[in-house]
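Take a look at the fold before reading on. The paragraphs below go from the whole chain down to single residues.

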Amino acid sequence: MGDFNLALVIVAIVVCVLVFIFNVYLLVNYQHPDDKNQAYFPKFVVVLGLSVAAISILMLPADVANRQACQHAIYNGACNLTLPMKDLWLAIYIIDAILVFFVIPFAMFYYEGDQDKTVGKRIKSALLWVITTAIVCGLLLGILYGVIGKVDFTVRHLSSSTMSFPSTSQFSSGQPCVNNGRQDRQCSAYDASPSSETTWTMRSTFPEYVVALATIVGSVLFSIFGGVGIACLPLGLIFSFVRRPKAVITRSQYIKEATELGKKARELKKAADALHQEERSGSKGRKWRKNMKAVEKELLLLEDDVKALEEMYPQGEKAEATWAMTVLGYLAKLILGVFGLIVSIAWVAHIVIYLLIDPPLSPFLNEVFIKLDDIWGLLGTAAFAFFCFYLLLAVIAGAMMLGLRLVFITIHPMKWGATLMNSFLFNVGLILLCSISVIQFCSTAFAYYAQATAAQEIFGHTLQSLRGIKYLYKYNVFQIAFVALAGLTFVYYAAFGWRRRKPSGRFQLSS
């Protein structure tokens with residue numbers, strides 16, 4: 001037993017190192033050329049944040065493995081070498097909350113500060129914003145914790161009289177404790193009346209309360225972005241194949257399209273220069289922010305139009321090979337989209353079958369993971385981790401889709417070799433905030449598979465019994481919103497997803 005626990009610790013350390021190396025690789029390859037050899041603090045925050053998010057997702061499979069290491073223990077000391085998962089959960093989520101609400105905002109304010117200011121002034125400005133946020137969050141947390149930071153558990157009071165254990169009868173499956181004869185009087189506490197139910201109130205620990213409130217904030221974003229993303233992630237890939245260029249265009253068509261895109265680029269440059277001039281003059285009002293988001297959206301769409309034009313008219317000595325790779329790329333999108341659609345349907349079906357219907361019709365994916373574990377010890381755990389990570393990918397996809405269609409959501413695209421640090425920081429903050437909710441969601445959705453784990457103790461018992469919060473989970477508010485938005489997004493793609501987007505006309509700033 002101890003050898004297995006030691007192996008679990010070694011695997012956990014190796015996985016943490018691999019996660020860190022992989023996140024450094026992502027940063028190096030996704031960063032914008034303008035950020036090379038500079039912005040070291042935001043880069044450190046990005047790598048740290050991505051590592052914390054990935055490790056927090058992987059901790060739930062580790063929690064399950066940690067439980068399995070002790071399932072055959074015959075004495076308590078056999079489990080002394082297992083990972084202290086409850087302490088690790090609280091530590092990782094306190095770090096998560098500090099990064100989301102303090103460190104990442106500071107890094108973003110510092111990075112987006114006026115480059116003409118000195119480093120000291122940029123740090124001072126960023127600190128003022130963060131200190132103000134810390135004071136507001138601290139007061140809000142303190143008031144809420146002092147007033148309603150309690151847990152209400154529903155318990156049943158059982159009692160019965162004391163009597164000698166009978167020597168003439170034995171209890172067994174054929175002769176249970178409770179039956180229609182005299183024997184039920186010997187265990188009368190078993191038949192306690194409904195009026196014996198009462199509420200047992202105790203104060204939660206402050207770290208658990210911080211995790212709970214962060215989970216609520218993350219759950220709101222998760223139910224919106226995740227619900228939209230669970231549908232648009234696979235359907236976006238499938239419909240990009242449907243809208244793919246069918247053939248190479250002629251040179252005259254290419255010149256015509258390129259000319260129109262050039263005009264659009266000049267209009268956007270003129271608008272961006274005007275907004276930069278307003279920023280220098282200190283006129284950063286509501287209209288300026290609206291126009292800035294509109295320009296960012298149009299720039300992103302222009303980049304997509306340029307990429308689509310290059311695909312339709314490959315140039316150079318390897319034009320035929322380039323076109324062949326384009327065709328293969330769209331085929332890969334179709335395959336990934338179909339696979340993702342199967343996973344998304346499985347997720348939505350599992351939520352409906354296991355969470356929304358009471359009592360559940362079937363454990364569904366819980367049984368799948370258990371059977372995979374029977375085939376090979378880590379196969380079910382790996383599938384379990386994949387389904388959790390898929391939800392995080394859905395959150396990012398949903399944020400991108402809504403960002404392109406809603407003006408009040410800022411767009412922060414992640415592009416290979418062209419991602420600025422502010423976009424990196426925004427997406428890392430979103431991933432960190434939603435990762436807490438993903439873990440809570442997965443621990444609830446896979447409660448049968450992840451039973452008796454430390455995560456279920458935190459998210460399944462304490463969180464769902466907190467005063468003022470428990471009703472959101474009692475009535476499945478987040479699960480219903482998730483499924484409803486997934487259905488609406490599916491209908492949207494079925495109605496409009498197959499249409500090719502037409503290039504927008506002349507762009508003008510709103511007056």
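What share of the 511 residues of the protein chain counts as buried? The figure is 40%. This is a predicted model, and the chain is made of 14 helices and 2 strands. Its accessible surface comes to about 28,700 Å². Carbon and sulfur atoms hold 65% of that area.

The chain has an average pLDDT of 78, and 80% of the residues score at least 70. Confidence is highest in helix α8, residues 319–356, with a mean of 91. It is lowest in helix α12, residues 454–462, where the mean is 68. Over residues 178–186 the pLDDT is below 50. Even there, the model has 12 contacts beyond near neighbours in sequence.

Now the chain's contacts. Take those with a separation of 6 or more: 82% of them join residues 24 or more positions apart.

Then go inside. The largest nonpolar core has 83 residues. W89, W347, L391 and F446 have the most contacts within it. Helix α11, residues 421–445, gives this core its largest share, 15 residues.

Aromatic rings come next. The whole structure holds 25 aromatic pairs. Ring pairs link a cluster that includes F222, F339, W347, F369, F384 and F446. The charged end of K43 sits over the ring of Y40, 5.5 Å from the centre. R203 lies over the face of Y145, 5.3 Å from the ring centre.

Finish with the backbone. Most residues other than glycine have a negative phi, and most peptide bonds are trans. Which places depart from that? The loop between α8 and α9 holds P359, and the peptide bond from D358 to P359 is cis, with omega near 0 degrees. F364 is in the loop between α8 and α9 as well. Its phi is positive, near 50 degrees. F364 counts as partly exposed because its relative accessibility is 30%, between the 20% and 50% cut-offs. N476 is in the loop between α13 and α14. The phi of N476 is also positive, near 55 degrees. Is N476 buried or partly exposed? It counts as buried, because its 17% relative accessibility is under 20%.

Technical notes
Residues are numbered from 1 along each chain as its sequence is written. This is a predicted model: local features need pLDDT of at least 70, side-chain atom pairs count only at pLDDT 80 or more; totals for chains, interfaces and linings use all residues. Side-chain values use heavy atoms; hydrogens and water are left out. pLDDT is the predictor's confidence in each residue, from 0 to 100. Helices (H or I, at least four residues) and strands (E, at least two) are DSSP runs, numbered from the N terminus. Contact means heavy atoms within 4.5 Å. Rings of Phe, Tyr and Trp (its six-membered ring) pair if their centres lie within 6.5 Å; planes under 30 degrees apart count as stacked, over 60 as edge-to-face and the rest as tilted. A charge sits over a ring if NZ of Lys or CZ of Arg is within 6 Å of the ring centre and within 35 degrees of the ring normal. A nonpolar core is a set of buried Ala, Val, Leu, Ile, Met, Phe, Trp, Tyr and Cys residues joined through side-chain atoms within 4.5 Å. Buried means under 20% relative accessible area, exposed over 50%, partly exposed in between (1.4 Å probe, protein chains only). Accessible areas come from the Shrake-Rupley method with a 1.4 Å probe; for residues, only the protein chains shown count as cover.
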